Amino acid sequence: MRAVEIQEYGGPEVLRVVEAEVPVPGPGQVSIDVAYTGVNFADLKARAEGYRVPALPFVPGLEVSGRVRVLGAGVTGLAVGQEVAALTQGGAYADVVVADAVTVFPLPSGVDLRTGATLPTVLPTAYALIHTVGRLQPGETVLVQGAAGGVGTVLGQLASAAGAGAVHGVVSSAAKAEYAREHGYDEVFVTSSTTPSFAKEVREATDGRGVDLALDPVGGETLRASLDSLAPFGRLVSFGNASGAQPWQVGQPDLYPLALSVSGFSILTLAQTAPTELRALTERAFRTVVDGVVSLPVTAEFALPDAAEAHRLMGTRTSTGKLLLRAHGTDGDADLA
């Protein structure tokens with residue numbers, strides 16, 4: 001089978017197509033004939049700096065859609081040939097991948113394989129940030145960093161559907177701002193990750209009060225500015241560190257004056273520490289697609305051997321929505337929506 005692996009860390013050019021042995025599932029696992037693989041920023045960090053890479057060579061990729069190929073010992077509730085979406089711990093840039101059965105989800109009726117590949121990381125993350133960790137209440141205001149990305153696209157729709165009083169987003173360009181407004185955002189601020197000046201603008205937009213819930217995947221100074229944007233009793237949820245900044249700490253002097261709270265979320269960590277909770281969360285999140293509450297546009301699609309081109313596009317920080325790789329013999333250049 002084909003796989004795209006990294007043998008050294010570096011730019012997109014280190015992604016190499018190789019012939020690999022077809023993986024065999026162990027107990028509690030299944031193998032999947034991959035139809036589509038989702039491309040995530042975590043894949044770029046793995047390629048460039050070894051984020052969550054146990055050893056080289058390494059095949060990136062955290063989410064797929066496809067059909068069950070082989071069931072490992074002890075697996076129940078799944079069938080060979082069944083269409084599924086899956087969260088993996090790597091290895092998804094390939095024609096066949098192995099995943100723990102607890103993170104393999106039958107696709108709901110009406111959800112095709114292309115759509116299915118957009119769901120495993122983005123949708124449960126966004127659902128948790130709004131409902132489970134963020135605990136958004138009707139009438140409350142929300143601030144989202146990266147409002148035009150995959151998670152940001154879903155967050156705007158979920159927050160609006162949950163009855164948010166106003167949904168504010170932060171993006172890096174006017175084009176992204178226009179895109180975000182089409183996906184649930186009431187107001188979008190254009191700023192730079194190196195100069196996160198949005199806190200003042202947020203205060204002005206909320207008549208000085210601030211927002212009730214801030215969701216931040218960037219970290220560093222942007223995380224600090226998100227904290228500064230909170231209203232009394234506001235909540236900040238960190239769900240990534242795209243900036244690569246050193247771990248940030250907050251203490252009592254920061255929280256006491258306005259009774260603020262700070263929490264965190266990582267779907268990859270939750271998959272390891274509480275897979276049963278993740279499964280229940282994912283099933284609720286998938287329901288929002290079936291019910292038409294949210295949709296995540298696929299804005300670029302690449303053949304599996306062209307994974308480097310997908311990384312180059314995502315690395316420009318100009319892409320919106322979701323990027324996919326096509327597996328199993330599909331060829332051709334990128335199709336841009």
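Trainee: In this structure, which residues of the largest nonpolar core touch the most other members?

Mentor: In this predicted model, the largest nonpolar core has 55 residues, and those touching the most other members are Leu155, Leu215 and Phe265. Helix α3, residues 122-132, gives the largest share of this core, namely seven residues.

Trainee: With which residues is Phe265 in contact, leaving aside its neighbours within four places in sequence?

Mentor: Such a list shows which parts of the chain meet around one side chain. For Phe265 the contacts include Pro124, Thr125, Ala128 and Leu129, and among them are also Val237, Ser238, Phe239, Leu270 and Leu281. There is also a second, separate core, which has 23 residues and includes Ile6, Ala300, Phe302 and Met314.

Trainee: What is the order of the strands in the open sheet of six strands?

Mentor: Reading across the sheet, the order is β10-β9-β8-β11-β12-β13, and the pairing is parallel. Strands β10 (187-190) and β13 (261-264) each have a single partner strand and stand at the edges, so one side of each is left without a neighbour in the sheet. From one strand to the next, the twist averages 15°.

Trainee: Over how many bridges do β8 and β9 pair?

Mentor: Strand β8, residues 141-145, and strand β9, residues 166-171, are joined in the parallel sense over five bridges, and Val142 has Val167 in β9 as its bridge partner.

Trainee: Where does helix α5 lie, and which of its residues are buried?

Mentor: Helix α5, residues 174-181, lies across β9 and β10 and runs at about 165° to β10. Its buried residues are Lys176, Ala177, Tyr179 and Ala180, and, seen down the helix axis, these fall within an arc of 160°, so they line one face of α5. The cover over them includes α4 (150-161), β9 and β10, whereas Ala174, Ala175 and Glu178 are exposed on the other side of α5.

Trainee: Which strands pair with β5, and in what sense?

Mentor: The general idea is that in a regular strand the side chains alternate between the two faces of the sheet. In this structure, strand β5 (residues 83-87) is mostly covered, with four of its five residues buried. Strand β4, residues 63-71, pairs with β5 in the antiparallel sense over five bridges, and Arg67 stands opposite Glu83 in β5. Strand β7, residues 104-106, also runs antiparallel to β5 and is joined to β5 by three bridges, with Pro106 in β7 as the bridge partner of Val84.

Trainee: Why does Ala35 count as buried?

Mentor: Burial is read from relative accessibility, and a residue is called buried when the value is under 20%. Ala35, which lies in strand β3 (residues 29-39), has 15% relative accessibility and therefore counts as buried. Beyond its neighbours within four places in sequence, Ala35 is in contact with Ser65, Gly66, Leu113, Leu325, Arg326 and Ala327. Ala35 and Tyr51, by contrast, are 16 residues apart in sequence and 25 Å apart in space, C-alpha to C-alpha.

Trainee: How many aromatic pairs does the structure hold, and which residues form the pair?

Mentor: The structure holds one aromatic pair, formed by Phe105 and Phe286 in an edge-to-face arrangement, at 5.8 Å centre to centre and with 70° between the planes. This pair links distant parts of the chain, since Phe105 is in strand β7 and Phe286 is in helix α10 (residues 275-290), 181 residues apart. Both Phe105 and Phe286 are buried.

Notes:
Residues are numbered from 1 along each chain as its sequence is written. This is a predicted model: local features need pLDDT of at least 70, side-chain atom pairs count only at pLDDT 80 or more; totals for chains, interfaces and linings use all residues. Side-chain values use heavy atoms; hydrogens and water are left out. Two strands pair if DSSP finds at least two bridges between them. Helices (H or I, at least four residues) and strands (E, at least two) are DSSP runs, numbered from the N terminus. Axes are lines fitted to C-alpha atoms, for helices over the stretch in contact, and angles run from 0 to 180 degrees between N-to-C directions. Contact means heavy atoms within 4.5 Å. Buried means under 20% relative accessible area, exposed over 50%, partly exposed in between (1.4 Å probe, protein chains only). The arc is that of the directions from the helix axis to the C-beta atoms. A nonpolar core is a set of buried Ala, Val, Leu, Ile, Met, Phe, Trp, Tyr and Cys residues joined through side-chain atoms within 4.5 Å. Rings of Phe, Tyr and Trp (its six-membered ring) pair if their centres lie within 6.5 Å; planes under 30 degrees apart count as stacked, over 60 as edge-to-face and the rest as tilted.
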